[in-house]
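User: I would like to learn how to read the features of a protein model, step by step. Please take me through one case.

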Amino acid sequence: MFYTYILQSNKNDEWYIGYTANLKKRFLEHNRGLNLSTKRYAPWEIIYYEASLSEIDAKRRENYLKTTQGGRMLKIRLKDYINMSRKI
């Protein structure tokens, strides 16, 4: 399985979108500061993920979610989560 995932920084609520074959391992790498692009915004939490049977499909989904249209779709899909996190 391959996973497309979204992390949210506990520091500034920024999102990071990526894909991996091992979600648990990759999540630990992000929180241990082993990824240069996410190191300064750790700690992270997983707020969304999707599973694919194909690495190509997971990468394609990652690229789509990084587009404006994909961002709009995510905001609709995660609407309740976004509203809930604003209230806290």
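User: What is the mean pLDDT of the chain?

Analyst: This is a predicted model, and pLDDT is the predictor's confidence in each residue, from 0 to 100. The mean for the chain is 94, and 97% of the residues reach 70 or more.

User: How should I read a sheet, and in what order do the strands lie here?

Analyst: Strands of a sheet pair through backbone hydrogen bonds, either parallel or antiparallel. In this model, 3 strands form an open sheet with antiparallel pairing, in the order 2-1-3. Strand 2 and strand 3 are the edge strands, each pairing on one side only. On average, neighbouring strands of the sheet are turned by 20 degrees against each other, direction ignored.

User: How many bridges join strand 1 to strand 2, and how many join strand 1 to strand 3?

Analyst: Strand 1 is joined to strand 2 (residues 15-20) by 6 bridges and to strand 3 by 8 bridges. Individual residues can be followed across the sheet. Gln 8 stands opposite Trp 15 in strand 2, and the bridge partner of Gln 8 in strand 3 is Glu 45. Towards strand 2, Ile 6 has Ile 17 as its bridge partner, while Tyr 3 stands opposite Thr 20. The hairpin of strand 1 and strand 2 has 5 residues between the strands, and Asp 13 in this hairpin takes a positive phi near 65 degrees.

User: Which strands does helix 1 lie across, and which does helix 2 lie across?

Analyst: Helix 1 lies across strand 1, strand 2 and strand 3, and runs at about 155 degrees to strand 3. Helix 2 (residues 55-65) also lies across strand 1, strand 2 and strand 3, running at about 165 degrees to strand 2.

User: How is a nonpolar core to be read, and which residues make up the largest one?

Analyst: In soluble globular proteins, nonpolar side chains tend to be buried together. Here the largest nonpolar core has 8 residues: Ile 6, Ile 17, Ile 47, Tyr 48, Leu 65, Leu 74, Leu 78 and Ile 82. Apart from this core lies another, of 6 residues, among them Tyr 5, Tyr 16, Ala 42 and Trp 44. Returning to Ile 6, its contacts beyond four places in sequence include Ile 17, Ile 47, Tyr 48 and Leu 74.

User: Leu 78 is one of the core residues. Where is its place in the chain, and is it buried or exposed?

Analyst: Leu 78 is in the loop between helix 3 (68-77) and helix 4 (79-87). Its relative accessible area is 8%, so Leu 78 is buried. Leaving aside neighbours within four places in sequence, Leu 78 is in contact with Trp 15, Ile 47 and Tyr 48.

User: How are aromatic pairs described, and how many does the structure hold?

Analyst: A pair of aromatic rings is described by the distance of the centres and the angle of the planes. The structure holds 4 aromatic pairs. One of them is the edge-to-face pair of Tyr 3 and Tyr 49, at 6.2 Å centre to centre with 65 degrees between the planes. Because Tyr 3 lies in strand 1 (residues 2-9) and Tyr 49 in strand 3, this pair ties together parts that are 46 residues apart in sequence. Tyr 41 and Trp 44 have ring centres 6.4 Å apart and planes at 80 degrees, so their pair is edge-to-face as well. Ring pairs link Tyr 5, Tyr 16, Tyr 41 and Trp 44 into a cluster.

User: Finally, where is Thr 38, and which residues does Thr 38 touch?

Analyst: Thr 38 is placed in the loop between helix 1 (23-31) and strand 3 (44-52). At 0% relative accessibility, Thr 38 counts as buried. Not counting residues up to four places away in sequence, Thr 38 touches Tyr 16, His 30 and Trp 44.

Definitions and conventions
Residues numbered from 1 in each chain as written. Heavy atoms only, no water. Helix = DSSP H or I, 4+ residues; strand = E, 2+ residues; numbered from the N terminus. Buried < 20%, exposed > 50% of the residue type's maximum accessible area, 1.4 Å probe, protein only. Contact = heavy atoms within 4.5 Å. Phe/Tyr/Trp six-rings, centres within 6.5 Å; stacked < 30°, edge-to-face > 60°. Core = buried A, V, L, I, M, F, W, Y, C linked by side-chain atoms within 4.5 Å. Pairing = 2+ DSSP bridges. Axes fitted to C-alpha atoms, helices over the stretch in contact; angles between N-to-C directions.
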